[in-house]
Amino acid sequence: LNKKIRKPTMKNSKDVNNHRTDTIYSSPQETVQPFEFNQSVVAVFDDMISRSVPGYAFNLDLIALAASRYAQADSQLYDLGCSSGRATLALAEASPETCHIIGVDNSAAMIDACSASLDDSPYGHRIELRCEDLLETPLSNASVIILNYTLQFLPITARAPLIERIHAALKPRGLVFVAEKVADPIPHHQIVLDELHLDFKRSTGYSELEIAQKRAALEEVLIPESEQVHLDRLRSAGFETVATLSKAINFCGFIGIKAGTP
């Protein structure tokens, strides 16, 4: 195995992923740095994503539902871009006991947070965490693969090859779940979506300063694509069944199901 692979550990579990309130952008910053998943973000990540992404909790429920139906015994389930591990844990809870769950993230701080989220979990023995580039992590014998708000942070040119590699790694009737921020190709539609998303963030307590500085930090880092681009990419990779499973303002959840019989 790659030397970067790390098993879940419980050390420092009280110091990471402690669900603190996100105040990263609450004070004026002379220069807003590009967004990255560093220790400051990790410390408030669960609060940040739940207050910034409409439908986040519902998509976790969908991941559990998908795993309960499509996870195959003696197979591997992957959470690519596992962040703090909420989707990783959902996979473990909903899948057969003989499934092996693999969470992958290139942020060491996130891997530590994910490890801490497994503290006292009865599923820790079935979960492996890998601190490595998900574009390079080996994929095999998979029945469910999750990309939960992950593709949007990858170079656009890397997205189709990754989806193709996921399709190849999945067993017959295997499933990929992809959740993403999407962009509408019709400009006035996009304006409406942007306005509603801003209202959503205001409703969760973010100030105008926080919203503006976070947007500046993400501008060159998070590159959304249209809903149709995501659906077409899944079809082009060879998935037999492709569908939009959820929509919440400008965020969507997609599934692709591989042809065949388990």
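Relative accessible area was classed as buried under 20%, exposed over 50% and partly exposed in between, with a 1.4 Å probe and protein chains only. The structure is a predicted model, in which local features need pLDDT of at least 70 and side-chain atom pairs count only at pLDDT 80 or more, whereas totals for chains, interfaces and linings use all residues. Residues are numbered from 1 along each chain as its sequence is written, and side-chain values use heavy atoms, with hydrogens and water left out.

F35 and F153 form a stacked pair, at 6.4 Å centre to centre and 20 degrees between the planes. This pair links distant parts of the chain, 118 residues apart, with F35 in the loop between β1 (5-6) and α1 and F153 in the loop between β5 (142-148) and α5 (156-169). Helices (H or I, at least four residues) and strands (E, at least two) are DSSP runs numbered from the N terminus. F35 counts as buried because its relative accessibility is 9%, while F153, at 25%, counts as partly exposed. The rings of F37 and F153 have centres 5.3 Å apart and planes at 80 degrees, so this pair is edge-to-face. F37 also lies in the loop between β1 and α1, 116 residues from F153, and is partly exposed at 28% relative accessibility. F35, F37, F45 and F153 form one aromatic cluster.

A pocket is defined on a 1 Å grid over the protein atoms alone as an open set of points where a 1.4 Å probe fits, with protein on both sides within 12 Å along at least five of seven lines; lining residues have an atom within 4 Å of a point. The largest pocket has a volume of about 1000 Å³, a volume being the space filled by probe spheres set on the points, which are joined across faces, edges and corners. Its lining comprises 47 residues, of which F37, Q152, F153, L218 and L222 are the closest to the centre. Helix α6 gives the most to this lining, with five residues. By class, the lining has 24 nonpolar, twelve polar and eleven charged residues (Ala, Val, Leu, Ile, Met, Phe, Trp, Tyr, Cys and Pro nonpolar; Asp, Glu, Lys and Arg charged; the others, Gly among them, polar). The second largest pocket has a volume of about 160 Å³, and F35 is among its lining residues.

Ten salt bridges were found in the whole structure (a side-chain nitrogen of Lys or Arg within 4 Å of a carboxyl oxygen of Asp or Glu). D47 and R51 form one with closest N and O atoms 2.9 Å apart, and both residues are buried. The charged end of R51 also sits over the ring of Y206, 3.9 Å from its centre, the criterion being CZ of Arg or NZ of Lys within 6 Å of the ring centre and within 35 degrees of the ring normal. In α6, R202 forms a salt bridge with D199 at 2.8 Å, the two being three residues apart. R202 also meets E208 in a salt bridge at 2.6 Å, N to O.

Helix α4 (residues 108-117) is largely enclosed by the rest of the structure, because seven of its ten residues are buried.

Methods
Phe/Tyr/Trp six-rings, centres within 6.5 Å; stacked < 30°, edge-to-face > 60°.
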